[in-house]
Amino acid sequence: MATGEEKLHGVLIVGGGICGLATALALHIKGIDCLVLEKAESLRATGAGISLKVSGWRALEQLKVSEELRKLAVPLTGMSKKNINDDKVIEASYRTECRCVKRSDLVETLARHLPGGSIRFGCQVEAISFDAVARYSVVSTSDGSTIRAKVLIGCDGSNSVVAKFLGLKPVRFLPLWAARGLTYMPDGHSFGNRFLHLLGEGISFRLVPVDDKTVYFSAVQSQLPKECASSRDPALIQQVALQAMQGYPEDVLDVVRRCDIASMSLAQLCYRAPWNMVLQPFQEGTVTVAGDAMHVMGPFIGQGGSASLEDAVVIARCLAKTDVLAAAADNDDDDGRKQAKSIEEALRSYVKERRGRILRLSVQAFLNGQVIVASSELKKVLLRAVLAVLFRGNWDSHGDYDCGSL
């Protein structure tokens with residue numbers, strides 16, 4: 001791409017992951033063109049798999065890709081939870097739709113429905129500023145380009161450059177690391193259509209069927225060898241996970257041994273503090289954030305991906321009520337001012353609608369994470385009591401949510 005200053009774009013999205021692509025597709029459906037900047041050289045699907053509850057599928061229906069994706073993922077019937085050191089099994093049935101999809105399937109499907117040229121790969125955002133006179137954002141990239149946009153949406157994850165521009169507090173880290181991967185079994189697997197959650201000493205293991213031959217797994221550990229904590233070597237990540245899983249059932253160990261080694265990844269779990277969901281501004285002028293850039297949370301209630309898809313639908317619905325595509329004649333001050341004001345009002349409406357929803361999710365995910373890392377049984381008991389009071393046994397009611405239509 002040539003360096004220099006480009007034409008003024010209507011909507012610029014930073015980040016070409018699930019949230020960025022979903023937001024671009026939602027805007028496209030509403031007739032709003034946008035440009036997605038992705039720092040990677042190709043579509044990325046770090047994390048291997050993603051569980052989507054009915055709230056996420058309702059959002060995908062609005063994006064018109066739900067039926068394609070349903071063909072790639074079996075419906076899950078419930079969860080089985082067990083400590084590997086005893087025979088007691090806790091069973092729970094899912095009352096609404098829940099499926100696990102490959103992240104690669106999800107991002108490729110979203111990207112395939114976008115117009116050609118919507119995504120610019122290998123584009124690292126270096127700096128962001130706001131031109132108060134012209135009323136647009138100015139984004140500088142690593143190749144020396146300057147990109148101007150009427151609307152800037154940060155969908156660039158937990159380490160979001162747009163979130164930093166808005167002054168959001170840095171994410172916090174838990175002393176937990178998740179090794180994730182996918183395993184394909186050509187002769188089929190024996191885990192049925194249930195989410196399996198096994199607990200061991202210092203490690204918990206989650207296994208979720210994708211289809212009758214593929215499973216997604218996540219091994220969450222509280223301690224890691226120093227050489228592995230920041231490693232991107234998939235073979236080392238696999239080895240350390242297997243070492244920590246001593247005593248686990250052989251069929252579960254076999255899943256990790258036989259995994260697609262290229263799918264293995266390791267990440268320390270992080271979150272935005274729930275109280276920041278109340279106090280922080282998620283929008284300034286015509287700039288806002290969505291997805292993990294707005295509300296990254298631990299995987300403890302399985303709603304991060306669905307919430308990002310919800311964000312996409314809501315932000316497109318709000319922006320569609322504006323004249324974001326209208327061009328002011330020769331930068332007419334009055335026209336430009338009115339347009340900027342309508343965009344700001346739309347983004348405020350988006351943040352207002354999403355704040356309550358993500359606060360509820362963040363509180364529940366935060367408390368569940370604190371139960372895991374609590375240093376004493378008394379603290380664990382108190383945290384579980386708070387969860388029981390706040391959510392009154394409706395542990396999975398967060399999944400039965402409808403973000404509305406586009």
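Predicted model: local features only at pLDDT ≥ 70, side-chain atom pairs only at ≥ 80, totals over all residues.

User: OK. How many helices and strands are there in the protein?
Analyst: Twelve helices and 17 strands. The radius of gyration is 22 Å, close to the 22 Å from the globule rule for 406 residues, so the protein is as compact as a globular protein of that length.

User: And what does the C-alpha trace span along its principal axes?
Analyst: About 75 × 45 × 40 Å.

User: How much of the protein is buried?
Analyst: Buried residues are 53% of the 406. The accessible surface is about 18000 Å², and carbon and sulfur atoms hold 50% of that.

User: Which share of contacts joins residues at least 24 apart?
Analyst: 75%, counting contacts between residues at least 6 apart in sequence.

User: Switching to charges. How far apart are the mean positions of the positive and negative ones?
Analyst: 6 Å, with 48 positive and 45 negative charges in the protein.

User: Now helix α1. Where is it, and what is its reach?
Analyst: α1 covers residues 18-29, twelve in total. From first C-alpha to last it reaches 16 Å, close to the 16 Å expected at 1.5 Å a residue.

User: Is α1 mostly covered or mostly open?
Analyst: Mostly covered: ten of its twelve residues are buried.

User: Which ones are buried?
Analyst: Ile 18, Cys 19, Gly 20, Leu 21, Ala 22, Thr 23, Ala 24, Leu 25, Ala 26 and Leu 27.

User: What follows α1?
Analyst: Gly 31 follows α1, and its phi is positive, near 85 degrees.

Note on methods: Residues numbered from 1 in each chain as written. Heavy atoms only, no water. Helix = DSSP H or I, 4+ residues; strand = E, 2+ residues; numbered from the N terminus. Rg over C-alpha atoms; globule rule 2.2 N^0.38 Å. Buried < 20%, exposed > 50% of the residue type's maximum accessible area, 1.4 Å probe, protein only. Contact = heavy atoms within 4.5 Å. Areas by Shrake-Rupley, 256 points an atom, 1.4 Å probe, with all protein chains shown as cover. Lys, Arg positive; Asp, Glu negative; His and termini not counted. Charge placed at Lys NZ, Arg CZ, Asp CG, Glu CD. Expected span 1.5 Å × (residues − 1).
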